[in-house]
Amino acid sequence: MDTMELGEGNAIEVNVNSEINKLKIAGSPNGNGAAEQVQIAICGNLEQSGETVDAFSFFGGNKEKKEGTNVSKEDDGDSKGFWGIGGGSKALMPVHKDSEVYNMNHPKRGRALILNHENFNSNLDLGRRYGTERDKMSLQQTFKNLGFDVSAFDDLTYHEVAKEVEKLAKEDHGSRDCLVLCVLSHGDTQLMYAKDYSYKPELLWQSFTADKCPTLAGKPKMFFVQACQGSQLDEGTKLVRVNRTETDSNPTSYRIPNHADFLIAYSTVPGFYSWRNTTNGSWFIQAICNVFNKYAQKKDLLSMMTIVAREVALFYESNTPSQPHMNQKKQIPFITSTLIRDVYLVPK
């Protein structure tokens, strides 16, 4: 049983993965002799709870429709305005066109960048993200074990986030298998938060398309985002059991879309809260670390992400009886993929 001293008040029990993590609210005098109150932001509302949420949005792309370029009479285009439009470019072929798996036999596994946000400027009115340090440490250990060169940064400003992402995109990834970028923060509809300002989530991956980062062309690029995508709560639905039974060629070159080979995994679906335990870390990130540590030797990435989704969906539930409107709520990760092959992260 883990305990955490938060302030003066009643104990709140949080049921996570069938374990009760009790958060004791204890007195902590401040300079004025009054009890120090710790506040946790829940999408703009300050609440006291072991479970809290991180607000965020879906793709957040430009919603203006544009005519597709280089479209023949036979093939018509419906543009989404998410990634932007780029011209043709060339890059080295990292794997045979007909391969069912990505080439993970480069000299190096690749870079893993973790952007961890716990504290925010007061003008944003966002609470401290208790428990995120646990997530950061878990991610560092997991990806280090998988052979990644891991870098982690805390509480970067918007300009520092943009600088680190752009710096990473400009590196030479030629000797690397893949890329991982993790962001742990508050968010809102179509927004992510740095320490001082909000930004559109596509800032995180728009510099890594094949035309802009050719040394990662044809290689898997994985993005894991722990943040809410809105303010709705998932009530869940009870399933009742029913007692019934139901029964090659070798090309010298090939073209890929610039936006192929991406995995973008959100902790929750568009419009909904994402839960984080102030002691044990977020449901989503902890599930990723647990599953990757257990299955990376034998399962591909998308299979592992399916297990992650199942663990978050079935084994986690908020238990905050002192806040009935937040009690017994569920969460389901949202995974988008343009991967065209299987990804195996077997440690080197």
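## A covered strand and its surroundings

Strand β13 is mostly covered, in that five of its five residues are buried. The model is a predicted one, and what follows should be read as a description of that prediction. From β13, the residues Phe262, Ile264 and Tyr266 point one way, while Leu263 and Ala265 point the other way, and all are buried.

The strand has pairing partners of two kinds. Five bridges join β12 to β13, and these two strands run parallel; within this pairing, lysine 221 stands opposite phenylalanine 262 of β13. Four bridges join β13 to β16, which covers residues 334-337, and here the two strands run antiparallel.

Elsewhere in the chain, three strands form an open sheet in the order β9-β10-β11, with antiparallel pairing. Because β9 (187-188) and β11 stand at the edges with a single partner strand each, one side of each is left without a neighbour in the sheet. Strand β10, residues 191-193, is joined to β11 by two bridges, and the bridge partner of methionine 192 in β11 is tyrosine 199.

| Strand pair | Bridges | Direction |
|---|---|---|
| β12 and β13 | five bridges | parallel |
| β13 and β16 | four bridges | antiparallel |
| β10 and β11 | two bridges | antiparallel |

## The chain as a whole and its nonpolar cores

The chain has four helices and 16 strands, and buried residues make up 48% of its 348 residues. It exposes about 17700 Å², of which carbon and sulfur atoms supply 46%.

In soluble globular proteins, nonpolar side chains tend to be buried together. The largest nonpolar core of this chain has 40 residues, and those with the most contacts inside it are Phe143, Phe224, Phe292, Met305 and Leu345. The elements that give two or more residues to this core are β6, α1 (132-145), β8, β12 (221-226), β13 (262-266), α3 (283-295) and α4 (301-315). The largest share, nine residues, comes from α3. Leaving out residues up to four places away in sequence, phenylalanine 292 touches Thr142, Phe143, Leu146, Phe224, Leu301, Met304, Met305 and Leu345. A second, separate core has 25 residues, among them Leu115, Val183, Leu204 and Leu216.

Helix α2 takes up residues 158-170, and at 1.5 Å a residue its 13 residues should span 18 Å, which agrees with the 18 Å between its end C-alpha atoms. Its buried residues are Val161, Glu164, Val165, Leu168 and Ala169. Seen down the axis of α2, these buried residues fall within an arc of 135°, so they line one face of the helix. An α-helix has 3.6 residues a turn, so residues three or four places apart point the same way. On the other side of α2, His159, Lys163, Lys167 and Lys170 are exposed. What covers the buried residues of α2 includes β6 (108-116), β7 (149-154), β8 (176-184) and β11 (198-199).

## Individual residues

Glutamine 140 lies in helix α1 and is partly exposed, with a relative accessible area of 29%. Apart from its neighbours within four places in sequence, glutamine 140 is in contact with Ile114, Val150 and Ala152. Glutamine 140 and alanine 152 are 12 residues apart in sequence, and their C-alpha atoms are 7.7 Å apart in space.

Two aspartates have a positive phi, a value noted here in residues other than glycine. For aspartate 125, which is placed in the loop between β6 and α1, phi is near 55°. For aspartate 261, phi is near 75°, and this residue is placed in the loop between β12 and β13. Is aspartate 261 buried or exposed? With a relative accessible area of 1%, aspartate 261 is buried, because that value falls under the 20% limit for a buried residue.

How values were computed
Residues numbered from 1 in each chain as written. Predicted model: local features only at pLDDT ≥ 70, side-chain atom pairs only at ≥ 80, totals over all residues. Heavy atoms only, no water. Expected span 1.5 Å × (residues − 1). Buried < 20%, exposed > 50% of the residue type's maximum accessible area, 1.4 Å probe, protein only. Arc of directions from axis to C-beta. Contact = heavy atoms within 4.5 Å. Areas by Shrake-Rupley, 256 points an atom, 1.4 Å probe, with all protein chains shown as cover. Pairing = 2+ DSSP bridges. Core = buried A, V, L, I, M, F, W, Y, C linked by side-chain atoms within 4.5 Å.
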